[in-house]
Amino acid sequence: MSTAVPSRPAPPAVLSFAASDPTGGAGIQADILTLASLGCHPLSVVTAITVQDTTGVEGVMPVDPGWVADQARALLEDMPVAAFKMGMLGSVEVIAAIAEVVADYPDIPLVLDPVLASGRGDQFADEEMIEAMIGLLLPQTTLITPNSLEARRLAQQLGVGDEGSRGGSRLADCAHGLIDAGCEHVLVTGTHEGTPQVVNTLYGSHGVLRTDRWDRLPGSYHGSGCTLASAIAAYLACGADMAEAVRGGQEYTWRTLAAGYRPGMGQFIPDRLFWSRGEDHDAADS
Ligand code: PXL
């Protein structure tokens with residue numbers, strides 16, 4: 001006897017740990033849009049709530065660490081999770097709580113976006129939080145996705161030399177410092193470097209795995225890092241290997257930025273659903 005309602009197979013579930021951004025530009029809202037757009041089922045554990053508009057962040061209130069852990073455990077005990085994605089975590093205590101939960105799931109790939117500051121300069125992580133990220137999360141991380149500023153700051157905390165010079169070899173040192181500290185792969189994004197194109201480089205323990213160059217887009221975007229890390233997590237959840245996932249995630253993100261829009265008086269936000277808007281929005285094909 002079968003009383004089960006016939007159902008289609010569930011899409012791969014990706015669990016995002018991130019803070020709420022009420023603008024819908026960054027944070028958990030960006031992650032949910034990206035994951036759904038790429039065919040995954042988004043699971044969302046809220047780590048903090050923020051007060052912000054498209055011009056800046058006014059406040060951050062971390063969620064109680066026990067509540068963060070409980071949200072995640074409830075999901076993990078109910079269903080299979082194909083990948084973890086982490087963004088703004090809010091406090092040392094929340095980082096510790098999350099690190100303890102994910103330690104029970106060592107086979108689930110983990111993409112860590114080390115949200116140290118917003119593109120607009122709002123600071124989100126103090127020295128103790130960076131220490132906690134490095135000590136507790138990095139050894140469990142499959143891919144960390146710092147921009148070049150974050151890569152240098154993390155490396156500095158690790159004691160990897162930085163005499164203030166810029167350039168590929170220095171970022172490579174930062175990336176290898178992060179790998180030596182325990183993560184498997186590092187994708188350093190180059191938006192903040194002075195290069196004519198944006199150069200993003202994926203490192204593994206044996207060196208550079210791929211380098212991708214992207215035409216710079218005009219405008220200042222809010223939520224591009226969240227979109228990229230979530231998109232890579234989605235590709236990994238769908239079975240791509242790391243190099244394919246990093247390529248696919250960048251391609252998707254570039255298209256969301258090219259189709260970005262400005263809903264308020266501040267930054268542009270990426271259009272994670274660009275493909276649903278009709279041909280005029282398909283900027284990458286033009
Ligand atoms: O873009 C990084 C980021 C992540 N998460 C939240 C944010 C921001 C930037 O403002 O507000 C919640």
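Biologist: How much space lies in the largest pocket?
Modeller: About 1100 Å³. Keep in mind that this is a predicted model.

Biologist: Which residues lie nearest its centre?
Modeller: Asn147, His192, Tyr221, Ser224 and Gly225, out of a lining of 48 residues.

Biologist: And what is the lining of the largest pocket by class?
Modeller: There are 23 polar, 18 nonpolar and seven charged residues in the lining. Elements that each supply at least two residues include strand E1 (13-20), helix H5 (148-158) and helix H7 (224-237).

Biologist: Switching to rings. How many aromatic pairs?
Modeller: The count comes to three. One of them is Tyr221 with Phe268: the centres are 6.0 Å apart and the planes at 55°, so the pair is tilted.

Biologist: Where do those two, Tyr221 and Phe268, lie?
Modeller: Tyr221 is in the loop between strand E9 (207-214) and H7, and Phe268 is in the segment after H8, so the pair ties together parts 47 residues apart in sequence.

Biologist: Is Tyr221 buried or exposed?
Modeller: Tyr221 counts as buried because its relative accessibility is 17%, under the 20% limit. Phe268, at 30%, counts as partly exposed.

Biologist: What about the rings of Tyr252 and Phe274?
Modeller: Also a tilted pair, with centres 5.8 Å apart and planes at 45°. Tyr252 is in helix H8 and Phe274 in the segment after H8, 22 residues apart. Tyr252 is buried at 4% relative accessibility, and Phe274 is buried at 7%.

Biologist: Which side chain has a polar contact with that of Tyr252?
Modeller: The side chain of Ser37, at 3.1 Å. Ser37 is in helix H1 (residues 27-37) and is buried at 13%.

Biologist: Leaving aside sequence neighbours within four places, what else is Ser37 in contact with?
Modeller: Besides Tyr252, Ser37 is in contact with Arg272, Leu273 and Trp275.

Notes: Residues numbered from 1 in each chain as written. Predicted model: local features only at pLDDT ≥ 70, side-chain atom pairs only at ≥ 80, totals over all residues. Heavy atoms only, no water. Helix = DSSP H or I, 4+ residues; strand = E, 2+ residues; numbered from the N terminus. Buried < 20%, exposed > 50% of the residue type's maximum accessible area, 1.4 Å probe, protein only. Polar contact = N/O pair within 3.5 Å; in protein donor to acceptor, adjacent residues only side chain to side chain. Contact = heavy atoms within 4.5 Å. 1 Å grid on protein atoms, 1.4 Å probe; cavity = no way out; pocket = protein on both sides within 12 Å on 5 of 7 lines; lining within 4 Å. Points joined across faces, edges and corners; volume = space filled by probe spheres on them. Nonpolar A, V, L, I, M, F, W, Y, C, P; charged D, E, K, R; others polar. Phe/Tyr/Trp six-rings, centres within 6.5 Å; stacked < 30°, edge-to-face > 60°.
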